[in-house]
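Here are my notes on this model, point by point. Please read them with the coordinates open.

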Amino acid sequence: MKRSFTFSSNSIRLSWASWLIVAAIVAGIIYFLPVLWPKFEHFNPQTDYRLPYELSNDYWVFKRWSRYACSEYPAVVIGDSVIWGQYVAMDETLSHYLNEQAGREIFANLGVDGTHPAAILGLLKYYGRAISNKAVILHLNPLWMSSKKHDLSGEEEFRFNHPDLVPLFISKPDCYRPSFSRRIGIALERSVPFFNWTSHIKAVYFENMDLQNWTLENPYTNPLKAITLELPQPENKPKSNPVVWSERGMKEQDFPWVQAEESFQWASFKEAIKILKSRNNDVFVTLGPFNPYILTEESLARYGNMKGQMEAWLEEEGIDYKSLPDLPSEYYADASHPLKEGYARIAEQLFGMESFINRVKGISSE
Amino acid sequence: MLFHSWHFAIFFIIVYSIYFPLRKTRFYLHWLLIASYVFYGWWNPFYLLIIAYSTTVNYFAVILMERSQRKKLWLAVGVVNSLLLLGFFKYSVFAVDNLNALLSMFRAPYTIPAPGILFPVGISFYTFQAVSYTIDVYRGKVDREKSFVRFATFVSLFPRLLAGPIERAGNVLPQLTEKPRISPENVTDGLSLFVVGIFKKVALADYLALYVDKVYAAPDLFDGLTLMMASFAFAWQIYFDFSGYSDMARGIARMMGFDLMLNFNNPYLATGLGDFWSRWHISLSSWFRDYLYIPLGGNRKGKFNTYRNMFITMVVSGLWHGAAWTFVIWGALHAVGRFMTRELERTEFYAEKIPRLLKQISVFIFVTFAWIFFRASSIGDAATIVKRIFTAGMADPKFPVLALLLCLSIWLYQFLFESRIKRILEWRPLKIGVVCLIILYLVIFARAGNEAFIYLQF
C-alpha cells in the first residue's frame with residue numbers, strides 16, 4: 001500500500017534529473033573557480049618579493065607564488081622565517097644577497113614564517129607541486145629540534161605553527177589533537193583546490209574569519225565589496241625590531257636538543273628532501289646558522305652532536321649541503337635569525353664554495 | 001554524533017551501504033537496530049542501558065496488559081515507569097534545587113546534596129514515543145508489537161532518536177513491518193530534505209546564534225533595540241535549528257524508505273496562537289493534545305475547564321522543554337496568550353477584517369516575546385531583557401545586514417509558498433538555482449566546528 005507523504009513546507013524537492021544538473025553545476029564551479037580565480041585576482045610580485053607576513057597561513061598564495069617563482073626564477077630558497085627574513089627588509093634577505101652575489105635575479109624567496117620541517121614537508125607535499133626540475137636551497141633551522149616540544153615529539157598537547165600542514169592520521173604527532181571533523185576539513189583542503197581557495201578568500205578578504213563572524217564585526221559592509229581582488233603587498237621593512245640578541249636582553253639557553261635519530265622534525269626534513277628529489281629538483285641543504293653564543297657549554301656540545309648526525313646522513317645520501325659556520329655574535333638577532341649583515345655573510349660563505357658556484361653557473365647557463 | 005558532522009557522514013555511508021542490500025531480507029531490522037544503538041551509544045555507552053530499559057519495560061508492560069485482566073495496572077506500570085525515568089534523569093536536579101531553596105527559606109540547617117546525574121540526550125523524545133505506544137495499545141488504536149527487535153527499532157530508530165519527530169506507533173510500526181521500498185524518489189526527496197535542513201542549521205541557526213549568544217550572555221550591557229533584535233534573531237534561530245534537525249531526520253529516514261511526520265509547517269506564518277501550535281513542533285503538540293489535553297477533558301466540559309486544561313497542557317509542555325522555571329513561564333505565557341486570543345480568533349471581525357499580514361506579525365511578536373523566557377538563563381535575566389527593551393533606549397544594534405536579508409528571504413519564500421502564486425516556486429530552474437546556491441554557500445562560507453542542536457538539551 002502506498003503511503004501518503006507530506007514532503008515539506010517548502011518547494012525544494014528535486015528529481016533525479018534536477019539533482020544531476022545541480023551536481024554538474026556545483027562540480028563545475030568547484031573545479032573551475034580556483035582555476036580561473038588567478039585571472040581576476042591581481043598578483044604582481046616585484047624584485048625580492050616575499051609572501052606578505054599576514055598571509056603566512058594562506059597556502060593558496062604560497063602555491064601561486066611558488067608557481068610564479070618557478071616560472072620566473074631558476075632557483076628557489078625554501079625555509080622558515082630565517083629565509084623569509086624576520087628581522088630584515090625584503091631587500092636584505094638571504095635570497096637578495098645571493099642574487100647580489102650571483103649578479104642577477106636567480107633566487108626566489110619561498111620562505112614562510114613559522115614553517116618548521118614538518119610544515120615544510122606538508123607545504124611541499126600538498127601546495128608545492130610546482131617546485132619540480134628546479135634548483136632548490138632547502139634551509140634547516142636547528143631551533144626546531146632544540147627541545148621535544150619544538151620537535152613535536154612531546155606528548156603534551158600544545159598549539160604550534162602551521163598545524164594544517166602536519167600529518168593528520170598516520171604518523172601524526174602526539175601533541176597534535178584536532179577533532180576528527182577538523183582533520184577531515186584539513187584533508188579536504190589539501191586535496192581539493194576549491195577548499196584551499198575558500199580558505200584563501202577568508203584569509204585575504206575576511207580577516208581570516210568565516211563570513212558569519214566577519215559580518216558580526218562589519219555588520220553593514222557588503223561582503224562582496226570586501227573581495228577587492230587585490231592581494232596585500234609585502235611591506236619592505238623588518239617584521240621584528242632588528243636588534244642584536246644581546247641587546248634584546250636574551251639570556252643564556254640550555255636547550256636540551258633532540259638527537260637526530262629520535263627527532264620528528266629531522267625525519268620530516270629528510271622526507272622533504274626525498275620529495276624534492278623525486279620531483280627531479282637539484283637540492284642543496286643549508287644547516288644553520290645557529291647562534292652558539294646563546295647556548296651553555298653543555299647545550300652547545302649536544303647541539304654539535306646532533307648536527308654531526310645530520311651531516312653524516314646528508315653525506316651518506318649524497319646530498320650537497322653546507323653547515324653554515326658561526327657568524328659573529330653581533331650578526332644574530334636571536335637564537336637562529338641573522339641580521340642583514342649575517343645574511344650578507346652567509347651569501348658570501350655560500351659563494352665561497354666551489355660546488356655552490358658551479359651549481360649557480362649551471363643554473364645560469366640553463 | 002550530529003547530523004552535520006563528518007562522523008555522521010561516515011557512519012551513514014557505512015550503515016546505508018549494508019542496509020541497502022539487506023533491505024529485502026528479514027535482517028534489515030536487526031541491522032537498523034544495531035545502527036541505532038551505535039548511533040546513540042556514540043554519545044555515551046551508558047545511555048544504551050537507559051533506552052534498553054525503557055524499551056523492555058514498555059514492551060513487557062504491553063504484553064502483560066494484553067494477557068491480564070488488570071489492563072490499567074500494566075498501563076500504569078508502563079507509563080509511570082517511563083515518566084519516572086524521565087523525571088529522574090531530567091528533573092531531579094531541578095527538584096533538589098527547589099527543595100533546597102525551600103529549606104533555605106525556612107532556615108533549615110541542612111541542604112540536599114546535588115544529585116550530579118547525567119542527562120541522557122534524546123530521553124524526552126524516545127520516552128514519549130514509548131509511552132504513546134503503550135497508551136495506543138491500551139486504547140486499541142494499534143496492535144501489540146510481537147517482535148521485540150521491531151519494537152526496539154521503533155523506539156530507537158536513529159534518524160529521529162535524538163530530537164524527534166516524536167512518532168506514533170501507528171505510523172512507524174507498520175513501516176517497520178513491511179520491507180522498506182527505496183525508490184529513486186526516496187533518495188532524491190531525502191537529499192532535498194537533508195540539504196535544506198543542513199542549510200537551516202549550519203548557515204542560518206548557527207549564524208544567528210553568534211549574535212544571540214553574545215547579547216543574551218550579558219543583557220545588562222545592551223540597549224533596548226539590540227535586545228529586541230537578539231530576541232527576534234533567537235526566534236529565527238530556534239526555528240532554523242529545530243526545523244533543520246527535523247528536515248535532516250526526515251531526509252535520512254526517507255532515504256532509508258521510511259516516512260516520518262512533518263514537524264514544522266512554516267510556523268511564523270501562523271495567524272493565531274492555535275494556528276502556531278498546529279505548525280510548531282507538530283509531533284509534540286499533537287502528543288500533548290492526544291495524551292494530556294484530551295484525557296483531561298479537552299474542550300468538552302465548558303470554558304473554565306477548557307482553559308484549565310489548556311493551561312495545564314501548556315505548562316507541562318514548557319516543563320518538558322527544560323527543567324527550569326523559565327520554561328514553565330514560557331508555557332504559561334502561551335497558555336495566557338491562547339486564553340486571550342481564542343475567542344477573538346473565532347470572531348468574524350478577526351477572521352475577515354484584520355489583514356492576514358497583521359495577524360501574522362502579531363503572532364510572531366507574541367511568540368518572540370515568549371521566547372525571551374525560553375532563551376534567558378534565568379527569570380532575572382528574562383526580566384532584565386524585557387525591562388531593558390522598553391527602557392534602555394535605542395542604540396545601533398550592529399545586527400548583520402546579511403543575516404537580516406537571509407531571514408527576510410526565508411520569510412518571503414514561506415509567504416509565497418502559502419500564497420496563491422506558490423507555483424512560481426515550483427519553477428524548475430529556480431529550484432535548481434536555489435539548491436546550487438545553498439550548497440555553494442555551505443561549502444564556501446559555512447563555519448568550521450559543529451554547534452549542537454538546541455533541542456538536544458531537551
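1. B:Val212 touches B:Ala230, B:Ala233, B:Phe234 and B:Gln237, leaving aside residues up to four places away in sequence. Contact here requires C-beta atoms, placed from the backbone, to lie within 7 Å. The model is predicted, so local features need pLDDT of at least 70 and side-chain atom pairs pLDDT 80 or more, while totals for chains, interfaces and linings use all residues. Residues are numbered from 1 along each chain as its sequence is written, and chains are lettered from A in the order in which they are written.

2. B:Val212 is also one of the residues with the most contacts inside the largest nonpolar core, along with B:Leu208 and B:Ala230. That core has 125 residues. A core is a set of buried Ala, Val, Leu, Ile, Met, Phe, Trp, Tyr and Cys residues joined through C-beta atoms within 7 Å. Buried means 20 or more other C-beta atoms within 10 Å of a residue's own; exposed means 12 or fewer; partly exposed is in between.

3. Which helix gives the most to this core? Helix α10 (residues 224-255) of chain B does, with 18 residues. Helices are DSSP runs of H or I with at least four residues, strands are runs of E with at least two, and both are numbered from the N terminus. Domain 1 (6-180) and domain 2 (185-457) of chain B both contribute, so the core lies between them. The domain bounds come from an automatic or database assignment.

4. A second, separate core has 84 residues. Among them are A:Tyr59, A:Ile83, A:Val204 and A:Leu295.

5. Chain A holds an open, parallel sheet of five strands, ordered β2-β1-β3-β4-β5. Strands pair if DSSP finds at least two bridges between them. β2 (107-109) and β5 (320-323) are the edge strands, each pairing on one side only. Neighbouring strands are turned by 20° on average, direction ignored. Axes are lines fitted to C-alpha atoms, for helices over the stretch in contact, with angles from 0 to 180 degrees between N-to-C directions.

6. Within chain A, β3 (residues 135-140) and β4 (residues 282-287) pair in the parallel sense over six bridges. A:Val136 has A:Val283 as its bridge partner in β4(A). Helix α4 (residues 94-102) of chain A lies across β1 (75-78) and β2, running at about 170° to β2(A).

7. A:Asn213 sits in helix α8 (residues 211-217) of chain A. A:Asn213 counts as partly exposed because it has 17 C-beta neighbours inside 10 Å.

Terms used. Contact = placed C-beta atoms within 7 Å.
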